[in-house]
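Thanks for coming, everyone. Let me put the model on the screen and walk through it.

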Amino acid sequence: MKLPRRQFLHLAAGAAALPAVSRVAWAQAYPVRPVRIIVGFAAGSAFDILARLIGQRLSERLGQPFVVENRSGAAGNIATEAVARARPDGYTLLVTGSPDAINATLYDNLSFNFVRDIAPVAGVGRAPNVMVVHPSLPAKTLPEFIAYAKANPGKISMASAGVGSASQMSGELFKMMAGVSMVHVPYRGQAPALTDLLGGQVQVDFSTMPPAIEYVKAGKLRALAVTSPARFEALPDVPAMAEYLPGYEASLLTGFGAPRDTPADIIAVINKETNSALADPKIKAQLAAIGNTALPGSPADFARLIAEETEKWAKVVKFANIKPE
């Protein structure tokens with residue numbers, strides 16, 4: 001039986017509208033089952049801690065479990081690839097930020113394109129690193145360290161948590177902007193790097209804040225600068241690097257991403273509830289305790305920060321000719 005042309009077009013238009021209608025209804029009902037938050041680093045890492053902190057709040061607000069799943073390895077690339085390949089339905093999220101921005105240039109054979117394949121959802125926090133030296137080093141201030149490094153090119157050993165890590169990149173940016181030469185000594189994590197710094201086997205480390213701050217307060221390590229644009233509340237007497245190197249900024253950016261093509265309405269739900277969590281004084285205090293400043297904003301705001309990070313670290317990777325292990 002043939003349908004009249006007008007009736008056929010009317011039915012076709014109605015059928016075409018169904019997916020859009022169902023997507024809206026789907027977003028309004030979201031979430032109806034547990035949501036996975038994929039973390040590319042081990043339990044207890046900064047990304048893991050933040051995922052669990054905000055994930056718990058999302059669970060309470062949205063009525064479904066937000067379950068953290070650790071998929072460590074390859075500097076976070078294993079987790080990012082898994083999310084890039086996941087269904088864009090809002091039920092798989094990625095804890096993303098500076099490591100992915102660094103990896104975008106550091107690795108040239110990835111099976112995904114971070115900027116293209118991961119949709120920014122919401123910022124969570126920024127955490128500065130702290131430049132710490134062994135107390136035996138004669139430099140007591142950052143200007144003294146720069147002068148000492150220039151007088152002793154290639155004789156200072158700079159520890160890091162590994163090739164391409166935030167600690168190495170902070171140090172490489174410092175070397176580039178200060179015009180000094182130091183020997184990079186990568187470790188398998190920040191803990192062993194600090195252990196050797198405490199023992200005097202290396203002289204400097206641009207460490208993440210949480211593991212280093214207690215050594216600084218105990219006088220076992222000397223802090224010369226924090227890598228944020230302004231001074232850090234927990235170390236008010238330690239200058240910001242930018243006070244001596246204008247424009248220097250190297251903090252660990254953290255937030256949520258999702259597979260590209262995830263419906264905008266679902267991204268808006270997650271963004272709204274994440275911002276609500278970041279406005280809570282209790283969560284702000286918990287973030288501050290692990291060296292983070294809350295980073296509320298829209299998906300577009302987080303996209304801009306990701307783009308800035310990717311561009312900045314691309315320049316450093318190329319300038320220092322950093323190659324993955």
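Gly 200 is partly exposed, at 34% relative accessible area. For the cut-offs: buried means under 20% relative accessible area, exposed means over 50%, and partly exposed is in between, with a 1.4 Å probe and protein chains only. Gly 200 sits in the loop between α8 (190–198) and β7 (204–208). Helices here are DSSP runs of H or I with at least four residues, strands are runs of E with at least two, and both are numbered from the N terminus. Ser 136 is 64 residues from Gly 200 in sequence, yet their C-alpha atoms are 7.9 Å apart in space.

A word on provenance. This is a predicted model, so local features need pLDDT of at least 70 and side-chain atom pairs count only at pLDDT 80 or more, while totals for chains, interfaces and linings use all residues. Residues are numbered from 1 along each chain as its sequence is written, and side-chain values use heavy atoms, with hydrogens and water left out.

Next, helix α12. Just after α12, Asn 321 takes a positive phi of about 55°.

Which residues of α12 are buried? They are Phe 302, Leu 305, Ile 306, Glu 309, Thr 310, Trp 313, Ala 314, Val 316 and Val 317. The cover over the buried residues of α12 includes β3 (92–97), α4 (98–106), α5 (114–117), β4 (118–133), α7 (166–178) and β9 (251–259). Contact, here and later, means heavy atoms within 4.5 Å.

On to charges. How many salt bridges does the whole structure hold? The search finds 16. A salt bridge is a side-chain nitrogen of Lys or Arg within 4 Å of a carboxyl oxygen of Asp or Glu.

Two of them sit in α12. Glu 308 pairs with Arg 304, with the closest N and O atoms 3.3 Å apart. Those two are four residues apart, about one turn of the helix. Glu 308 is partly exposed at 39%, and Arg 304 is partly exposed at 44%. Lys 312 pairs with Glu 309 at 3.5 Å, again between the closest N and O atoms. Lys 312 and Glu 309 are three residues apart in α12. Here Glu 309 is buried at 2%, whereas Lys 312 is partly exposed at 21%. Lys 312 and Glu 309 also belong to a salt-bridge network with Arg 126 and Glu 249.

Now one that reaches further along the chain. Glu 273 and Arg 61 meet in a salt bridge at 2.7 Å, N to O. Glu 273 is in helix α10 and Arg 61 is in helix α2 (residues 46–62), 212 residues apart. Glu 273 is buried at 9%, and Arg 61 is partly exposed at 46%.

Stay in α10, residues 264–278, for Thr 274. Is Thr 274 buried or exposed? Buried, at 0% relative accessibility. Leaving aside neighbours within four places in sequence, Thr 274 contacts Ile 54, Leu 58, Ala 122, Gly 123, Val 124 and Phe 256.

Then the cores. A nonpolar core is a set of buried Ala, Val, Leu, Ile, Met, Phe, Trp, Tyr and Cys residues joined through side-chain atoms within 4.5 Å. The largest has 32 residues, and those with the most contacts inside it are Met 131, Phe 145, Phe 174, Val 204, Phe 206 and Met 241. At least two residues of this core come from each of α4, β4, α6 (142–151), α7, β7, β8 (222–226) and α12. Another core lies apart from it, with 31 residues, among them Leu 50, Ile 54, Ala 258 and Ile 267.

Last, strand β5, residues 157–160. Both its faces are covered: Ser 157 and Ala 159 on one side, Met 158 and Ser 160 on the other, all buried. In a regular strand, side chains alternate between the two faces of the sheet. β5 pairs with β6 (residues 183–186) in the parallel sense over four bridges. Pairing requires at least two DSSP bridges between the strands. Ser 160 has Pro 186 as its bridge partner in β6. β5 also pairs with β7 in the parallel sense, over two bridges, and Ala 159 stands opposite Asp 205 there.
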